[in-house]
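Here is a colleague's note for someone opening this model for the first time. Please keep the viewer open and follow the points in order.

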Amino acid sequence: MIDRAKRSFRPSAECVEERCVATAHTLAAASELQAMAVRHRADRAAMVLARLPQFQAPTGTAPLNGPGVAAAAVAAERGTIEALRAQRRHPRPRPTPQPNPGSGPNGGMGLIRLGLPGGFLDYGVVSLWNNTGTTVTFGISASTYRNGQTFFFTFRPGQNQSFFAPVVNGVKPLFQVTFNSDVRNAIPLPQQNIVFESPRYVPQGTAGWPYAIGYGVNGYFLTQI
């Protein structure tokens, strides 16, 4: 019989050892990468410090080094990055200056430039309605038109029309109506509408202050509607 040396086999232990070795290699690689990253940041901080005048070493002296210098370099680098970010920000648009009151053509009003159309005028306007059942002939005049000359018109029952005259130097026209040829018996019209229109303006029949022509025991009369 041949004596053989006994050998022991521990599969579970060997698997554990292999797994531990692989883990150790991984941890070693990670530690090396972390160390490389730290050295890279330190080198970058040193380069930033070298560009700054307050950290430049005098001629003939050894370069600065140490934990305090590295921390200052990191702070300086962050400050430089923030400064660059601030410079890249777009400035806010400046508000457009508003025109001064009265700076527009033909003057202005309030804070809005008001360009008035050239040649436009203020007019006083009245409207007359024939509220009788018969045809009426009457005369009407305005103090600011042809020196108050009277003009005669004939209205059918229910007919209406507007009459207008310019405002001259801020003075409104005075309208008067007569129902006979004697202008001394003219009836003044105290109210009128003021409109701002072109010289070619022709009002509609309802544009002015409305007055109705009536008929009573004393003859024709006017009343405000």
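1. Start at Phe179. Phe179 sits in the loop between S5 and S6. Helices (H or I, at least four residues) and strands (E, at least two) are DSSP runs, numbered from the N terminus. Phe179 is buried, with a relative accessible area of 18%. Buried means under 20% relative accessible area, exposed over 50%, and partly exposed in between (1.4 Å probe, protein chains only). Leaving out residues up to four places away in sequence, Phe179 touches Val136, Thr137, Phe138, Ile187, Ile213, Tyr220, Phe221 and Leu222. A contact here means heavy atoms within 4.5 Å. Phe179 and Gly139 are 40 residues apart along the chain, and their C-alpha atoms are separated by 6.3 Å.

2. A word on the basis. This is a predicted model, in which local features need pLDDT of at least 70 and side-chain atom pairs count only at pLDDT 80 or more, while totals for chains, interfaces and linings use all residues. Residues are numbered from 1 along each chain as its sequence is written, and side-chain values use heavy atoms, with hydrogens and water left out.

3. Overall make-up. The protein has two helices and nine strands. From the N terminus on, the order is α-α-β-β-β-β-β-β-β-β-β. Of the 225 residues, 20% are buried. Among contacts between residues at least 6 apart in sequence, 59% join residues at least 24 apart. The accessible surface comes to about 17200 Å², and 56% of this surface belongs to carbon and sulfur atoms. Accessible areas come from the Shrake-Rupley method with a 1.4 Å probe; for residues, only the protein chains shown count as cover.

4. The open sheet. Four strands form an open sheet in the order S3-S2-S5-S6, with antiparallel pairing. Strand S3 (151–155) and strand S6 (187–189) stand at the edges; each has a single partner strand, so one side of each is left without a neighbour in the sheet. The twist averages 30 degrees from one strand to the next. Axes are lines fitted to C-alpha atoms, for helices over the stretch in contact, and angles run from 0 to 180 degrees between N-to-C directions.

5. S2 and S5 pair in the antiparallel sense over four bridges. Two strands pair if DSSP finds at least two bridges between them. Gly139 stands opposite Thr178 in S5. Thr178 counts as buried, at 2% relative accessibility. The side chain of Thr178 reaches the backbone oxygen of Asn180 at 3.0 Å. A polar contact is a pair of N or O atoms within 3.5 Å; within protein, one must be able to donate a hydrogen and the other to accept it, and residues adjacent in sequence count only if both atoms are side-chain atoms.

6. A hairpin. S8 and S9 form a hairpin with two residues between them. S8 and strand S9 (residues 219–224) pair in the antiparallel sense over six bridges. The bridge partner of Ile213 in S9 is Leu222.

7. The core. Which residues have the most contacts inside the largest nonpolar core? They are Leu128, Phe138, Ile140, Val177 and Leu189, in a core of 16 residues. A nonpolar core is a set of buried Ala, Val, Leu, Ile, Met, Phe, Trp, Tyr and Cys residues joined through side-chain atoms within 4.5 Å. Strands S1 (121–130), S2 (136–142), S4 (160–166), S5 (175–178) and S8 (209–216) each give two or more residues to this core. The largest share, four residues, comes from S2. Not counting residues up to four places away in sequence, Leu189 touches Val126, Leu128, Leu174, Phe175, Val177, Tyr211 and Leu222.

8. A buried asparagine. Asn130 is found in strand S1. Asn130 is buried, with a relative accessible area of 3%. The side chain of Asn130 reaches the backbone oxygen of Thr134 at 3.0 Å. Beyond four places in sequence, Asn130 touches residues including Phe155, Arg156, Pro157 and Ile213.

9. Two positive phi values. Arg146 lies in the loop between S2 and S3, and its phi is near 50 degrees. Arg146 is exposed, with a relative accessible area of 53%. Asn169 lies in the loop between S4 and S5. Asn169 has a positive phi of about 50 degrees although it is not a glycine. Asn169 is exposed, with a relative accessible area of 79%.
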